[in-house]
Amino acid sequence: MPRTRVKICGLTREEDVRAAVQAGADALGFVFYPPSPRHVTAAQAGALIAAMPPFVTAVALFVNATVEEVVAVAKVAPFTLLQFHGDESAAECAAIAAAVGRPFMRVFRMRADTSAADLLEYEHQYRAASPLFSSLLLDTYVDAYGGAGKVFDWSLIPKELAPRVVLSGGLSVSNATDAVASVRPYAVDISSGVEQQKGIKDARKIADFVNAVRAADATIESDNSHESSS
Ligand SMILES: O=C(O)c1ccccc1N[C@@H]1O[C@H](COP(=O)(O)O)[C@@H](O)[C@H]1O
């Protein structure tokens with residue numbers, strides 16, 4: 001079983017970038033949504049991305065941005081993956097991703113009545129719209145766009161979809177093991193759960209979260225090898 005990838009989102013400071021890389025994060029997210037307390041300018045993100053080593057993915061998060069806005073950011077901040085976290089249609093995601101030549105993740109905001117069919121249909125729609133579609137990212141529906149620290153009912157995720165989704169929404173060190181063990185997603189994404197205050201990360205919480213995910217992976221691996229040898 002491949003290990004669960006970890007994305008730490010909403011970085012605004014170089015020391016937080018270093019802490020996340022040191023902890024073993026696979027991807028770091030930068031928020032280009034001005035109302036967010038985690039918002040960074042293109043120039044700030046450019047400097048933060050310059051502090052990242054190779055093989056760690058820089059993710060640019062947008063909420064209802066225009067093609068021109070994303071192109072302008074891409075000229076200054078060399079991100080490798082887009083995250084559309086607003087109300088962008090499949091055609092809008094496809095057009096923006098094509099304009100900057102980067103793959104994209106698309107959020108699906110989970111409600112209590114979301115069905116497996118809703119999710120699979122949504123994924124199909126975005127995948128069909130663009131070869132640059134990478135994956136769905138599942139977050140909790142709240143009356144705001146994200147970074148709200150709210151968990152949704154993970155049992156709503158269809159088993160066949162789980163291995164290719166990015167799970168987010170209210171993750172923390174206290175539910176990381178349960179999230180990985182019960183959902184088995186491709187990746188987990190966390191923002192507020194590893195903060196001291198909004199936009200300011202906590203190096204200890206980041207390390208504890210990454211370690212909890214790795215420990216959950218190790219338990220699954222060990223259970224699998226016991227099952228296959230018995
Ligand atoms: O982090 C933000 O400020 C943000 C703003 C607007 C849209 C999305 C945002 N973050 C994303 O929200 C989810 C959940 O975050 P949390 O762990 O519950 O705080 C995550 O995917 C972030 O990338």
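The questions and answers below concern a predicted model.

Residues are numbered from 1 along each chain as its sequence is written. Because the model is predicted, local features need pLDDT of at least 70 and side-chain atom pairs count only at pLDDT 80 or more, while totals for chains, interfaces and linings use all residues.

Q: Which residues come nearest to the ligand?
A: A residue is near a molecule if its C-beta atom, placed from the backbone, lies within 6 Å of it. There are 26 residues around the ligand, and those that come nearest are Cys 9, Gly 146, Gly 147, Ser 168 and Ser 192.

Q: Which elements give two or more residues to the shell around the ligand?
A: Strands are DSSP runs of E with at least two residues, helices are runs of H or I with at least four, and both are numbered from the N terminus. The elements that give two or more residues to the shell are strands S2 (27-32), S6 (133-140) and S8 (187-190).

Q: How many residues of the shell around the ligand are charged?
A: Asp, Glu, Lys and Arg count as charged; Ala, Val, Leu, Ile, Met, Phe, Trp, Tyr, Cys and Pro as nonpolar; and the others, Gly among them, as polar. The shell has 13 polar and 10 nonpolar residues, and its charged residues number 3.

Q: At what angle do helix H4 and helix H5 pack?
A: Axes are lines fitted to C-alpha atoms, for helices over the stretch in contact, and angles run from 0 to 180 degrees between N-to-C directions. The axes of H4 (residues 90-100) and H5 (residues 116-129) are 9 Å apart, and the angle is about 35 degrees.

Q: Which residues of H5 make the contact with H4?
A: Two residues are in contact if their C-beta atoms, placed from the backbone, lie within 7 Å. From H4 come Ala 90, Ala 91, Cys 93 and Ala 94; from H5 come Gln 125, Tyr 126 and Ala 129.

Q: Is Arg 102 buried, partly exposed or exposed?
A: A residue is buried if 20 or more other C-beta atoms, placed from the backbone, lie within 10 Å of its own, exposed if 12 or fewer, and partly exposed in between. Arg 102 is found in the loop between H4 and strand S5 (104-110). Because Arg 102 has 19 C-beta neighbours inside 10 Å, Arg 102 counts as partly exposed.

Q: Is Ser 222 buried or exposed?
A: Ser 222 is found in helix H7 (residues 203-229). Because 10 other C-beta atoms lie within 10 Å, Ser 222 is exposed.
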